Protein chains: 2
Amino acid sequence: MLINKKYYRTIWNDSKKYPSVYAIDQNLLPFKFKTFRIKSSDEIFSAIKNMNVRGAPLIGVAAAYGIYFACVEAKLKYKRVKERWNYIQKKYKYLLSARPTSVNPKWAMDKTLDAVKNICDFDELIFKALETAKMIADEDAENCRIIGETGLEILKKISLKKKGKPVSILTHCNAGWLACIDYGTAASPVYAAASLGIPLHVWVEETRPRNQGAKLTAFELGQMNIPHTIITDNAGGYVMQKGLVDIVLTGADRITARGDVCNKIGTYKTALSAYDNKIPFYVCAPVSSIDFSIRNGLNEIEIEERSNEEIIYAGEGKKRTRLTSPGSPVRNFAFDITPARLINGIITEKGITKPDKNKISKLFHI
Amino acid sequence: MLINKKYYRTIWNDSKKYPSVYAIDQNLLPFKFKTFRIKSSDEIFSAIKNMNVRGAPLIGVAAAYGIYFACVEAKLKYKRVKERWNYIQKKYKYLLSARPTSVNPKWAMDKTLDAVKNICDFDELIFKALETAKMIADEDAENCRIIGETGLEILKKISLKKKGKPVSILTHCNAGWLACIDYGTAASPVYAAASLGIPLHVWVEETRPRNQGAKLTAFELGQMNIPHTIITDNAGGYVMQKGLVDIVLTGADRITARGDVCNKIGTYKTALSAYDNKIPFYVCAPVSSIDFSIRNGLNEIEIEERSNEEIIYAGEGKKRTRLTSPGSPVRNFAFDITPARLINGIITEKGITKPDKNKISKLFHI
């Protein structure tokens with residue numbers, strides 16, 4: 001999508017400098033736009049851990065590139081095939097530990113390893129790992145584009161009912177193109193509708209503690225000229241109570257077999273508000289976000305607990321300000337679970353599905 | 001209650017310097033403890049508007065002192081009784097406009113004016129206005145103490161069921177003694193239980209955008225040695241999902257005749273989370289917070305919209321950091337409405353009542 005009217009993806013391979021991947025540094029957005037070079041699997045780990053790259057689909061692709069780097073490093077460090085594979089396996093686990101909640105890194109790394117596992121020649125293997133990571137990126141972009149086309153049909157219907165008045169969407173966190181490779185998940189239907197000239201307005205919940213809504217979603221929407229308003233997470237319920245929201249769209253970090261959705265902390269409260277006000281709540285995610293191996297999100301998904309400094313402080317360096325009472329303990333849970341019963345539908349690249357085990361399992365056979 | 005082991009109230013009259021009221025500057029807490037002198041009705045207005053004093057019961061008492069100052073000023077400025085009363089009426093409306101959502105300022109000012117309306121001698125009238133404001137403060141403290149004793153019974157029952165394991169309370173915003181004169185509303189049962197040695201833990205939702213939870217509630221609890229943990233507002237739902245909360249206690253800015261509760265933005269989402277997890281949700285407030293003239297909170301209460309700078313920036317002066325994407329519109333709704341159906345009970349100084357018109361109306365006849 002566009003930044004300063006120029007087309008970008010969030011992450012890309014540059015074949016001129018070997019081995020290297022470039023990405024947009026999302027910790028600097030929206031105040032500074034900068035891309036940075038990644039040269040190793042450890043740097044991929046840091047970029048994911050420190051959230052220079054973030055968003056479930058994007059960290060999936062980044063992790064796939066991490067496997068590519070691990071293959072390059074294995075060849076340089078070790079002669080024996082067994083040692084090389086031990087190294088790659090070690091890096092796989094290490095990369096997995098960077099952000100434990102999303103299913104995408106595991107999915108993308110498994111896919112990459114699967115593509116190379118039977119290749120004996122290590123140069124060929126490295127080439128194939130890179131090609132696979134690039135293919136996952138391309139597929140993600142295409143999936144997001146289709147999610148947009150699919151979700152568009154829902155927004156069109158609302159627009160018809162509202163007779164030209166703006167369709168009012170509420171979103172939590174950033175499930176825009178910055179969280180993916182291009183288009184976004186929850187944002188993709190919005191961009192698709194806007195490109196048809198459908199009038200829109202997006203309420204953006206700021207999304208404490210890291211403010212991905214106020215910083216990234218608002219930035220994206222601004223760059224794409226989509227009318228929007230930032231509110232506190234607390235105010236999301238109020239704008240729904242006042243009848244100012246037609247539909248809620250969010251992303252997902254992991255979807256269970258029965259349709260529970262693990263997503264950024266606060267999504268559950270937002271879903272409860274939508275449910276209480278009879279506002280449709282849709283989750284937008286590629287099929288790769290579905291983890292069919294688990295059923296009960298609340299019991300089976302490991303919820304990442306991040307550094308409490310994200311809550312205690314705002315600003316950095318000399319500008320760092322304390323927001324909490326000194327001496328008071330602080331805990332920073334990063335995700336929650338929205339139970340299937342609160343979700344009207346999951347919008348995927350294979351169509352819209354009800355959050356229900358049988359219906360979800362059909363997606364895997366399309 | 002205690003600050004640095006010394007007993008304070010949040011606001012008090014000092015008869016040594018005439019006319020004057022002192023208060024704790026809550027904008028400086030928890031980082032700096034400072035009291036300040038208020039000398040006029042305009043200074044009362046500023047202190048309420050800028051939230052140097054805040055919390056529904058406290059701004060009620062502050063507004064009553066505002067009427068006292070207005071009486072003093074009227075006598076100094078005008079000779080004719082009619083002009084004096086015009087001035088007082090003007091100041092009444094002005095003080096009312098400082099924070100439109102809470103019912104307490106209106107209630108306390110009406111009570112003060114009612115006490116003095118038939119007094120002809122202006123010195124006597126000024127004396128009576130001051131005595132009335134002081135009496136409202138004393139009554140508020142006593143009401144809060146009784147709210148604590150009343151709510152204590154609920155906490156005792158939970159403690160018995162949990163067989164000595166800590167009772168886990170969640171609260172939103174600051175409904176502690178800093179919001180009142182002493183004891184607090186939602187915090188009062190907690191202090192009462194702690195004083196009996198009942199083991200407790202309080203989850204404190206930070207309460208964006210002004211962080212009264214992370215700043216004031218955490219500070220209060222810390223000063224009183226009550227175990228507590230600050231979390232984001234977004235995480236309140238998650239700790240409930242995980243079974244880590246036994247009861248939710250909040251305050252109220254205004255309660256309607258049928259039991260809808262207007263309180264700090266985000267209370268509605270917190271109440272929805274409690275309801276969804278079958279966790280009892282109690283509102284603690286003096287009977288003076290009930291506005292029997294209104295029924296439907298959502299349609300009939302004017303919700304204050306505050307400056308969006310509270311959301312856009314953190315920190316002050318050189319430390320001011322931007323939290324939102326430049327150019328993106330931001331709106332700051334300060335309160336929401338928790339419908340009666342989500343509330344298990346309202347804990348007042350006259351007992352616990354169901355949020356129901358008939359039961360609430362009985363409180364006025366006790």
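How many residues does the contact take from chain B and from chain A? Select both chains and you will find 61 residues from chain B and 61 residues from chain A in the contact, where contact means heavy atoms within 4.5 Å.

Before going on, note that this is a predicted model, in which local features need pLDDT of at least 70, side-chain atom pairs count only at pLDDT 80 or more, and totals for chains, interfaces and linings use all residues. Residues are numbered from 1 along each chain as its sequence is written, chains are lettered from A and ligands numbered from 1 in the order in which they are written, and side-chain values use heavy atoms, with hydrogens and water left out.

**Stop one: between the chains**

Chain B and chain A bury about 5,000 Å² between them, 57% of it on carbon and sulfur atoms; buried area is the accessible area (1.4 Å probe) that two parts lose on being put together, summed over both.

Now pick A:Lys269 and B:Glu205: they form a salt bridge, with their closest N and O atoms 2.9 Å apart. The term stands for a side-chain nitrogen of Lys or Arg within 4 Å of a carboxyl oxygen of Asp or Glu. Across this interface of chain B and chain A there are 6 salt bridges.

**Stop two: inside chain A**

Next, colour domain 1 (2-139) and domain 2 (150-365) of chain A, bounds that come from an automatic or database domain assignment. Their C-alpha centres lie 25 Å apart. Here 32 residues of domain 1 touch 29 residues of domain 2.

Finally, show the side chains of A:Glu304 and A:Arg99, which meet in a salt bridge (2.9 Å, N to O).
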